[in-house]
Amino acid sequence: MKKAFKFIVSGGLAACTKLVVFLILFSVFHFWYLLASGIAFAISVVVGFYLQKYFTFENLAEGETHKQAIIFIFVSGLNLLVNIGVMYGFVTILRWNEIMSQVLTIGIIACWNFFMYQTFVFKERVSN
């Protein structure tokens with residue numbers, strides 16, 4: 001439960017980062033919603049990696065950081081594709097509001113991420 005709570009806090013901070021960047025790019029600078037979403041997503045990946053590694057999973061093994069970052073970026077790349085696809089579906093096909101669509105997309109990706117991070121990225125290694 002503690003790890004799940006920390007995941008929610010860390011993910012929430014990364015999601016807030018993403019949402020704020022998206023809102024600024026879309027609402028203030030009038031970027032195309034998919035471009036704004038992609039840029040916001042990339043920035044939130046950096047924030048999310050450090051929060052998940054050090055706060056949520058308390059993974060202080062520095063020797064693993066490079067490998068973890070590569071896997072994290074790969075998972076994030078998949079997330080970016082899902083993010084863009086879902087946003088396109090919600091906004092262009094279903095004609096939903098862009099901001100509501102981004103919030104809902106964040107929730108969908110968060111559920112997938114907990115499983116991926118715990119299972120593949122920050123899993124505890126058994127040493128011999």
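## Salt bridges around Glu-58

Modeller: The side chains of Lys-6 and Glu-58 meet in a salt bridge, 2.2 Å from N to O. This is a predicted model, where local features need pLDDT of at least 70, side-chain atom pairs count only at pLDDT 80 or more, and totals for chains, interfaces and linings use all residues. Residues are numbered from 1 along each chain as its sequence is written, and side-chain values use heavy atoms, with hydrogens and water left out.

Biologist: What is a salt bridge?

Modeller: Side chains of opposite charge can pair when their charged atoms come close. Here the term means a side-chain nitrogen of Lys or Arg within 4 Å of a carboxyl oxygen of Asp or Glu.

Biologist: How many salt bridges does a search of the whole structure find?

Modeller: Two. Glu-58 also forms a salt bridge with Lys-2, with the closest N and O atoms 3.9 Å apart.

Biologist: Which parts of the chain does that pair link?

Modeller: Distant ones. Lys-2 is in helix H1 (residues 2–28). Glu-58 is in the loop between helix H2 (33–56) and helix H3 (65–93), 56 residues apart from Lys-2. Helices are DSSP runs (H or I, at least four residues), numbered from the N terminus.

Biologist: Is Lys-6 buried or exposed?

Modeller: Lys-6 is buried, at 11% relative accessible area. Buried means under 20%, exposed over 50%, partly exposed in between (1.4 Å probe, protein chains only). Lys-2 is exposed at 58%. Glu-58 is partly exposed at 44%.

Biologist: Which residues do the shared partners join?

Modeller: Lys-2, Lys-6 and Glu-58, in one network.

How values were computed:
Helices (H or I, at least four residues) and strands (E, at least two) are DSSP runs, numbered from the N terminus.
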